[in-house]
Amino acid sequence: MEKSEMIDHARQVLRDNDRGSYTVPTHGLYPFQWNWDSALSALGFSHHDEARAWTEIATLLAHQWEDGMVPHIIFHQPDDGYFPGPEVWGTGRAVPTTGITQPPVAGFAVRRIHDRARDTALAAEQARALLPGIHAWHQWFYRCRDPQGTGLVALLHPWESGRDNSVDWDDAFSRVPTEGVGAFTRRDTTHANPAHRPTDEQYKRYIWLVQKFRSLGWDNSRLHDASPFQVVDPGFNAILIRSCHDVADLAQRLGMNAIAAESRAMADKGVAALETLWQEEQGQYLCFDRARGTLVDSPSIGGILPVFAPIPQDRVAALVRRIETLAESCEYLVPSHDPSTPEFDGLRYWRGPVWLIVNYMIADGLQRCGHGRMVDRILDDCLRLIETSGFAEYHDPITAEPCGGAHFTWTAAMVIEILNTHKVDA
Ligand code: DGY
């Protein structure tokens with residue numbers, strides 16, 4: 001497919017999923033605004049409509065909670081095609097939202113869109129308006145999800161990670177009860193192949209946690225200690241650190257000195273703390289089960305994603321070697337779980353498939369450290385997947401089978417981003 005044809009197709013996906021001031025990830029399966037989908041989709045818009053890109057992030061931030069949290073879903077309009085809807089969350093917001101959050105990529109996205117903007121006046125105005133809210137969200141993380149001040153935040157629900165059913169959570173999640181969860185009807189499996197989605201057992205535990213947090217009035221000063229699920233994900237922390245780092249740089253250039261200094265301090269502390277998750281034997285980072293006090297022996301992409309943060313060069317070089325090893329057991333990089341392990345499932349969501357958004361973040365980190373050959377390989381694989389199987393939510397890393405939802409916003413946004421910013425053979 002010609003480069004221009006691919007971009008046209010990707011822009012059509014964005015148009016079809018555009019609801020005016022926000023985009024839905026895909027029609028049917030995800031009919032509302034999702035937090036990290038939105039921030040990453042804004043990167044796609046920014047190449048042809050900067051104002052629309054800024055609106056996407058502004059809409060997300062407009063629904064920030066008073067305590068600083070930016071919720072993972074904003075239910076702009078009723079839609080009974082999704083479960084669990086606003087009535088299950090019961091957060092009591094005027095425009096309903098969920099009560100948990102998602103990977104904070106907005107800080108990174110704002111800096112990137114700002115730094116390459118053609119309309120520099122608009123970019124400075126928008127960045128100035130958005131940075132205080134994004135900074136408050138970052139502070140919220142360290143206050144509410146790292147009450148002991150370790151430098152690393154914990155996830156309290158697998159949905160917060162964005163990697164909903166990763167093998168990383170299996171052990172900790174098995175300790176989340178299912179008693180008291182009444183009958184419910186899943187909707188996701190009517191839109192997508194059930195073999196590509198989390199299991200019913202996992203859904204019961206997802207809902208148990210929602211009910212638990214709801215019973216605590218969604219009071220974020222209480223949720224961390226009350227949650228039986230507290231997992232420190234290196235990938236999630238890396239995104240937070242990178243966003244703090246980018247906010248620091250941008251705020252400094254915009255003369256927002258207090259935000260710059262506080263953001264820099266959070267990023268530096270986070271980078272130092274990430275070292276505690278490095279595992280020489282596996283050659284990558286691992287999750288830490290905070291409730292149990294042990295590392296989680298699960299070689300997932302969450303332990304490779306730290307390249308997105310300003311970690312030391314030797315760690316990045318080791319992670320390149322890790323990716324080279326993964327390449328021996330799959331056709332398309334980077335699988336979300338190691339294909340040589342028994343837990344790998346090439347079709348099931350975050351237990352094996354390739355996700356373009358994660359590839360993009362990994363490639364961005366590798367580029368910073370001069371690993372151009374691996375960057376080319378990863379981004380070429382992204383485009384080969386799209387050419388072979390279309391703009392799916394995720395793809396099997398061995399067969400390229402398209403999985404999950406189709407006509408997917410952030411997949412399209414990443415294609416636009418890759419084709420516009422990277423020299424590729426498309
Ligand atoms: C879902 O509904 O599958 C989402 O990933 C939760 O955010």
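**Close-up views of a predicted model**

**View 1. Helix 15 gives the most residues to the lining of the largest pocket, namely four.** This is a predicted model, numbered from 1 along each chain as its sequence is written. Local features need pLDDT of at least 70, side-chain atom pairs count only at pLDDT 80 or more, totals for chains, interfaces and linings use all residues, and side-chain values use heavy atoms, with hydrogens and water left out. The pocket holds about 160 Å³ of space. A pocket is an open set of points on a 1 Å grid over the protein atoms alone, with protein on both sides within 12 Å along at least five of seven lines; lining residues have an atom within 4 Å of a point. Volume is the space filled by probe spheres set on the points, which are joined across faces, edges and corners. Helix 15 (356-368), helix 16 (372-389) and helix 17 (409-421) each give two or more residues to this lining. Helices are DSSP runs of H or I, at least four residues, and strands are runs of E, at least two, numbered from the N terminus. Among the lining residues are Arg 112, Tyr 360, Asp 364 and His 422.

**View 2. Helix 15 packs against helix 17 at about 35°.** Their axes, lines fitted to C-alpha atoms over the stretch in contact, lie 9 Å apart. Angles run from 0 to 180 degrees between N-to-C directions.

**View 3. Helix 2 (residues 35-45) and helix 3 (residues 50-61) cross at roughly 170°.** Their axes come within 8 Å. The crossing makes helix 2 roughly antiparallel to helix 3 (angles over 145 degrees). Ala 39 and Phe 45 of helix 2 are among the contact residues, as are Ile 57 and Leu 60 of helix 3.

**View 4. Phe 108 and Phe 308 form an edge-to-face aromatic pair.** The centres are 4.9 Å apart, with 75° between the planes. Rings of Phe, Tyr and Trp (its six-membered ring) pair if their centres lie within 6.5 Å; planes over 60 degrees apart count as edge-to-face. Phe 108 lies in helix 5 (residues 106-115) and Phe 308 in the loop between strand 7 (294-296) and helix 14 (313-327), so the pair ties together parts 200 residues apart in sequence.

**View 5. The largest cavity has a volume of about 200 Å³.** In a cavity, a 1.4 Å probe fits but cannot get out. Of its 19 lining residues, Tyr 30, Trp 34, Gln 102, Asp 164 and Tyr 349 lie nearest the centre.

Technical notes:
Angles under 35 degrees count as roughly parallel, over 145 as roughly antiparallel, 65 to 115 as roughly perpendicular and the rest as oblique. Contact means heavy atoms within 4.5 Å. Rings of Phe, Tyr and Trp (its six-membered ring) pair if their centres lie within 6.5 Å; planes under 30 degrees apart count as stacked, over 60 as edge-to-face and the rest as tilted.
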